[in-house]
Amino acid sequence: MTTLTAIFQALLDLSLTALPVMGAVLLARLCLRRAPKKYSYALWAVVGFRLICPASLPSPMSLFNSAPVQTVRETAQIAVQQWGQTVPGYSHASAAAGNAGRNTAGAAAGSLPPVVQSGPSSMEILAVVWAVGLAAMLVWAVVSYLHIRRSVRQGVLLEDGVFQCDGLRTPFVLGCFRPKIYVPFRMAADELAHILLHERAHLRRLDPWWKLLGFGILAVYWWNPAVWLCHFLFCRDMEMSCDEAVLRKMGPEVKQTYSLSLVSFAAGRHFSAAGPLAFGENDAKSRVKNILRWKRAAPAAVFLALALCLLAAVICGTDAPTGRGWAQNEGTVDAGGRVELRFSYSVPHDINSCLFYEDVYDHGKLISRNPVGYFDFNKDANHVDRRGTAGLTGYINDDFKSGGWYFSRTNSDGAKIGTSNPSSIPQRNYLAISGPLYAGQNGDRTRRPLNELDAVAVLFLSDDDGSLSSSSLPFETFSPSDLFADGMTDVAAVLRVEFSRLSAEELQQQFLVNGPGAGTVQDGNQVTLKNASGGIGVDFDAEFTKPVRSWAIYEDVYDHGVLVSSTPRISDGFLENGTGVTPRQFSGTLLCNLRYNESVSGKNFVGTLDCSYGKTRSPVMAKWTVHLPSEGYNGAGMIPGGFVADGTGKHSEDTFSLADVHEAVLLTYAFSDDDPGVTVYEAGNNVACVNDAAVQFRLVTSVEYIESSLGRNALQLYSLKNPYVGDMVADGKLLSALNIADLGTYKMELFTSEQPYILQIDFQNEPKGPDALNSAMDDRATLLLALIGNLDEVRWTYPQTEDGAPTLRTNFFDETNALKPTGMRIKDCGASLADLQNLLNYLGLSDDIQPSGTTEGVGVQTIFTDILGQNGFIRQESGADGFFTNYYIAQTGGQETCIAESWGRERDDTAVDVDGDGIKELVCNVTYGADGAQRVVVYRLAADGSVECADPLELLDVPYRDGGIGSLKESYDAIYKIVDISYYQEGQENPQFKSYPLDMARLTFSPYVCSEDT
Amino acid sequence: MRYKLCDSEYRFMQVVWDAAPVPSPALVDLCREKLGWKKSTTYTVLKKLCDKGLLKNEGAVVSVLAPRETVSAEAAEEFVKKAFSGSLPSFLAAFMGSRTLSAQEAEELKRLIDAHREERE
C-alpha cells in the first residue's frame, strides 16, 4: 500500500484509540469544573499524546483493559479497514466469482497469483483528500502568520518584550522562539497591568509552543470534529488558567476591572459577526463567568484535583497490557466448491509472527509434523496485517490421493493474496474424506484469545472402507485419542497454530530445530514454590495455559557435577482434553526423605532418597527411590527450587514464569561425602559442581500430548468410567487409555440391540504373538467389563493363517473369565477408585506398563475407604525375601495415623463388619518371615476410638500339640467369614482342621501400636 | 497644515524631533533602541512620512519639516477587523479576547459584572 494511505490508515486507528480517551477526559473535566482550570488544561496533554503516539506503556489500570472499550475500538477498526478496501464502482460479487474460479485452478497448481483491483480503493481516495486538507490548513496558517507579522511590524516597544501596535482590537502574543506581546495603544494603566500579567503567564508556561502543537494536531486531524471540539476546549482552558493566574496574583478585588476589560476587548467598538471558530457559547462570556466565580482554592481541593488529574492521565494514557489478541470465526463460505473458513483476528503489538503446522496421524500414531505456513506481522516477507479477516481452506485434490491447506487474506490496499501448501498425508487411495472441520464451524462466534487457539482444522480420511467418525466430535481438543476413539478414521490431518514474539524466520528455525512450542508465547504458565507442610520437600502451585498440553517432573542425578541420569518420574496431560487427570491449575507435593545409615560404615546417610509425589492433600502418592552415585554420604541438605547460576549462592526465586524457559526447578537435594555439615548452604556456583552428589527435580512443560499408559492411571481409567456401552465416543476413549492400539490396528464394533451387550475389537492384522495378545487382552477385557456399566461381554477377533488358509479367530470374554479379587463381582471392581486400584493390583497392573523404549514409571499406592471408620492409603514397605509390610495410614484433618498393618508375601486383608456395629473391622491374613507361620490379626475400634487387635487363635478350643509355630496355621476365609485353623493333635502326624465364625466376644483385644513407632 | 498620524508614527516623530537633524543610520539605531524597529521598518516609515511631507531625507540626513504643534495622533482603524472579520485565528497566537460579542451581549455582561459582589473573606 502506498505510504500516504498507510499514514492515513494509522491516523484513523489513532483517532479510534483517542476517542474513548477524549470521552474520559471530558468526563474528568466535568468533575474538575470547580477546580482551578490548570488541571483541566493539563489533561489535554493526554489526549494529544494519544493522537500522536501509536503505542504507550502498558498498565493494568488502563482504560483499554475494559472489554467493551477494546471491543468497540477493534470492531470499528476492522469495519473501517474493510470498508476502506472496497472499491467504488467495482462490484464485490463479480470480484468473488472471478477469484473463486482462479482459486480452484490455482490451488491444484499449488500457487495462486494475487488478484489486483482495477481502481483505487476507498481508503486511497480518502487519503488523498486528507492530504489536500492538511496542505490547505498549513497554507492558511502560514499565510495568516505572515499577514499578522507584517501588520505588527510597526509596533513600538513599550517595555521588554511588549510592543504597542496600531489597529489592534485585542492584545495577543505572537511567535514561539522569541514571543512578543502586542498590545493596543491608549490602554489604562491598570488594565495594561492585568493584561501583561495574563500574557506573561502564557509565556511562562510556554503556551505558544503548546498552541503550535495543538494546531499541528488540528491540521492533521482536520477531518475529525471531535478533535476540533477538544481544541476549542483546550484553548479555552488555556485562557482561563491564565485568567486565574492573574486573580491569584492580584486578588479577587480586580475581578470587576479585569472582566470589564475582557468585555471591552471582545465587544470592540463595532458589532461584528462571529469568526469562523465560534463554537456554541461565546468565549468572553464563559471566561467572565469563570472569573466572577473564582475563589482561591483550598489545599484539599487542589490535592483532590491533582489526584484526579494523575488518575485520569494514567487510565487514559496507558495501554492494556500486551498479550491480548483474538480470533473469531466469521462463518464458512463456498470458495470454488471448497469450504473456506473465514475469520477475523487482531494481534497485539508484541506478537510478531505466527506459524501453522500440520500433524498427520495414522491410526493414532503421529507420523509426520510439518510446517504449513509462516506469517510475519511486521516484515514484508510473508506479511499479514495485524488486524483483519482471512480465510482458511483445507482440501483434498481431485485425484483423492493428496491434499493441502490454502490461506487467503486481503491486504489493506485491496490485493487478495493466497498461499497454498501441500499436506503431508501419506499418498494413498483414499475412499472418503470428512471435513475439514474448523474451530467454531458450528456457528460458534466466540471471540477466542490467541493463546487458546490450538487445533484450527481437521481433515479425516478413510483408506479402507470409507467409513469415518461422525463429525460431532467436540472441537476443543482434537487430541489423538479423541480422533481415533471409535476406530473408524484411518488418517487424520490436524492443522495447528502457534504465535511467537520472534520474527517469522526465527520462528521457522525454532520449529524446525526444536519442534512445536519452541519460541512460542507461553505467558501465563507459572509455578510457585513453598516448603512442604507435610514433610521435607516442596509444595507447589502450578498454572498452565494453552498451548502447553502436557507436563512432566524430571529427576536429574549429578555425580560431582556430571549429569548421570535424567528420568521423567511423573507426567500427565490435562483433564480438559481427556489426556490426563490434572486440571490446568493444580497443586502438588514432592517429598524426599533420607535414610539414616545402618549399613554403610562411616557415613551418616545411606545413598538413597525416598521420594513421593502426589496432589497436595491427596492420600494417593506415587513413590520411588532414587539411588545416588555413592553408597553413603555424610552431609545433605534440601532447598526448594535451585540455585541461581551466578556464583553468589543465591537461591532461585519462589515463582517461576515459564513463558520462555518452559521449566521450573522444584527442589534440589545436595550431598557431601566429606565432612558432615550442610554443604548446600555454602554452595557457591551451580549446586551440581560444588557438592559431591545432587538430585534436582524439574517441572517441564511441553506442547506435545502425553502418551497415556496403563497403570499410573487408576485415576485416569476411573475418570473414563462409562455407564453405557452404547456411548461410542466414551468407549473409544477407554480403549485408547488402555493402549489397545499397542496390540495392533483395530476397529471397534458394538452389539447393543439386545442383551448380552457386546463390545468387539477387530484387529486388522495377523498378530505375531497371538498368545501374548490374548493374555494382554484378558487384562484389558477385565478392565472394560469393570468400567463400562452395562457391558456384558468382550470379544476380539484377529486374522490368522492356519495351514496356509486364512481364518478369523474370535475370543469370548465375560465375567466368568475375569480374574478378580475373591468375593467381588466384576462390576463392583469399578465401583470406586479404591476398588479399581485393588483390581489393578490384583491383575498385577499397578505399576506403569510403558510402551517399550521408555523409562520406568511409578506405582500408585492403594487407597482405602471405610476401614475402622477411616479413609486413607496403604503404604507398602518392602523387606527381605519378597516380604512386604502394609501400613494402613488413615488421614483425618491433615493428620496421618497408622491404624493397622499386615505383612507377608501378598496382601490378603478383608474389611468386614464382623460384630454388626456399622464399622468395618480389618481381618488380615499375615505370614511371618523366617518360618512362614500363617496367622490372622483382627483390628477393631475400642470404645475410646483407638485401635485394638487380637489373634483369633484363641478360638481353638481343642487341645493341640505345641510343635512350634509350624504346627499351627490360621487363615480367614472372607467369603464364608470364618477362621480356618489347622493344628496337630498329640501323637498325630497329620494336621486337623477346624473352622470357627469370628466371634469377637471370645477374643482378647490389646491396644495396637504400629511397629513403625516402636 | 495639520497632520494626523497613527500612534506608532507619532512615536517615531517624537524620536526624530528629539534627535533632528540626524543621519539616517544613526536614526536607525535610535529607532532600534527606543522603538524596537528593524532597519527596514525604520526606512519604510521614514519614506512614508517624507511622502506625507513631514520629514526630509537628503544626503542620508533626516530633518524635520513639520513642527510638533501641527501634528496629532489618532487611533488607527483596526486591522484585525479588516483581515479576519474581527477575530484572530485562534491557532496563531495567545490572546485575550478571541470572540466578538454583540453590543447586546456586552451590555448583559457589564451588568453582570457590576452586580457582582465579592464576599469579603
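The buried residues of helix H1 of chain B are B:Asp7, B:Ser8, B:Glu9, B:Phe12, B:Met13, B:Val15, B:Val16 and B:Trp17. Buried means under 20% relative accessible area, with exposed over 50% and partly exposed in between (1.4 Å probe, protein chains only). Helices (H or I, at least four residues) and strands (E, at least two) are DSSP runs, numbered from the N terminus. An α-helix has 3.6 residues a turn, so residues three or four places apart point the same way.

This is a predicted model, in which local features need pLDDT of at least 70, side-chain atom pairs count only at pLDDT 80 or more, and totals for chains, interfaces and linings use all residues; side-chain values use heavy atoms, without hydrogens and water. Residues are numbered from 1 along each chain as its sequence is written, while chains are lettered from A and ligands numbered from 1 in the order in which they are written.

H1(B) covers residues 7-19. Its 13 residues should span 18 Å at 1.5 Å a residue, and its end C-alpha atoms lie 19 Å apart, which agrees. The expected span is 1.5 Å times one less than the number of residues.

Now take chain B as a whole. It holds 5 helices and 6 strands. From the N terminus on, they run β-α-β-α-α-β-β-β-α-β-α. Of its 121 residues, 45% count as buried. Contact means heavy atoms within 4.5 Å. Among contacts in chain B between residues at least 6 apart in sequence, 59% join residues at least 24 apart.

Turn to chain A. Strand E39 (residues 947-950) pairs on two sides of the sequence. Strand E38 (residues 934-941) is joined to E39(A) by 4 bridges, and the two run antiparallel. Strands pair if DSSP finds at least two bridges between them. E38(A) and E39(A) form a hairpin with 5 residues between them. In the turn, A:Gly945 has a positive phi of about 90 degrees. A:Arg940 has A:Glu948 as its bridge partner in E39(A). Strand E43 (residues 1006-1007) is joined to E39(A) by 2 bridges, again antiparallel. There, A:Pro1007 is the bridge partner of A:Glu948. The mean for chain A is 78, and 81% of its residues reach 70 or more. Over residues 90-116 of chain A the pLDDT is below 50, and this stretch has 24 contacts in the model beyond near neighbours in sequence. Where pLDDT is low, the predicted coordinates should not be read in detail.

Note on methods: pLDDT is the predictor's confidence in each residue, from 0 to 100.
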